[in-house]
Amino acid sequence: MSRKDEYYNKAKQQGYRARSAYKLQQLDETAGLFGEGRTVVDLGAAPGGWLQVAAERVGERGTVVGVDRQRIDPLDDPEPSVEYVRGDMTDESTKIEIRDVVGGVDDERGGPVDVVISDMAPNMTGEYDLDHARSVHLVRQAFEVATDLLDTGGDFAAKVFDGQDLEDLIADIEPEFEYVREVRPDASRDSSSELYLVAKHRLTAPVREGDVIEVTIEDIGEEGDGIAKVEDFTVFVSGVEEGETLDVRVDDVKPRYAFAQPTE
Ligand SMILES: C[S@@+](CC[C@H](N)C(=O)[O-])C[C@H]1O[C@@H](n2cnc3c(N)ncnc32)[C@H](O)[C@@H]1O
């Protein structure tokens, strides 16, 4: 029996609407996407296998928003609050509707959503380059939603078909997150060109790796590093003294703080 049949049968037995449910379980196990109480936006959610997994994993205090251009049959007795948006993700109006459902962004940094996942796939033509390009376009739509709505430290995972534009796509996503990984879940191995990009820990910091900035050391932390502030964001600088003003190079950015070194 092929892996595809194996997961199809398992999904039938366990009451999942699609065998892709196992891909999401495996992504979560590899990359730690879900936690109790999280708010998840699921793009390309029909028929609802990923929605079922996301709903189980965020628990009764969580919220899941399923979006698809096709109708999604509501989940039976979902524990968390599950909302449905029917629309095409290439239409701006669908993105606005999602924003309305999750409550919009009321803070300049950080949004109302913890995880954006996308399993969107184009209608396949069988022409490899075209299918790849369309798939990248869909990931870019999902990425726009992620940068718009994710909270600081939030995660983004999206399906993409491998091909020539993948590197550029990753290069565009990377600066907005702490790191990006390519994951090929066992449950998708039969579809050789399919992989998932998992971008962890949304950065909303006003600095990025490689930036050279002038800072003033306001304090010395417990570990002995200098503490500087850039628009309320903490930058730890090694080998400096309180009161110094100097140029530093940012060498590591985390969601809530960064590390930098003096340039000289
Ligand atoms: C592989 S299926 C998703 C399966 C789903 N994750 C599940 O577990 O049930 C891909 C979905 O992407 C949706 N899709 C493709 N392009 C879309 C677009 N532009 N806007 C919204 N949904 C789209 C399709 O309608 C389809 O339902």
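This is a predicted model: local features need pLDDT of at least 70, side-chain atom pairs count only at pLDDT 80 or more; totals for chains, interfaces and linings use all residues.
Visitor: How many bridges join β10 to β11?

Guide: In general, strands of a sheet pair through backbone hydrogen bonds, either parallel or antiparallel. Strands here are DSSP runs of E, at least two residues, numbered from the N terminus, and two of them pair if DSSP finds at least two bridges between them. β10 and β11 (233–237) run antiparallel, joined by five bridges. Their hairpin has two residues between the strands, and E231 takes a positive phi near 45 degrees.

Visitor: And what does β9 form with β10?

Guide: Another hairpin, with five residues between the strands; G224 in the turn has a positive phi of about 95 degrees. Two bridges join β9 (219–220) to β10 (226–230), in the antiparallel sense, with I220 opposite G226.

Visitor: In what order do the seven strands of the open sheet come?

Guide: They go β3-β2-β1-β4-β5-β7-β6, with mixed pairing. β3 (81–86) and β6 (177–183) are at the edges with a single partner strand each, so one side of each has no neighbour in the sheet. Neighbouring strands are turned by 15 degrees against each other on average, direction ignored; the axes are lines fitted to C-alpha atoms, and angles run from 0 to 180 degrees between N-to-C directions.

Visitor: Are β4 and β5 parallel or antiparallel?

Guide: Parallel, over five bridges, pairing residues 113–118 with 150–161. I117 stands opposite A157 in β5.

How values were computed: Residues are numbered from 1 along each chain as its sequence is written. Helices (H or I, at least four residues) and strands (E, at least two) are DSSP runs, numbered from the N terminus.
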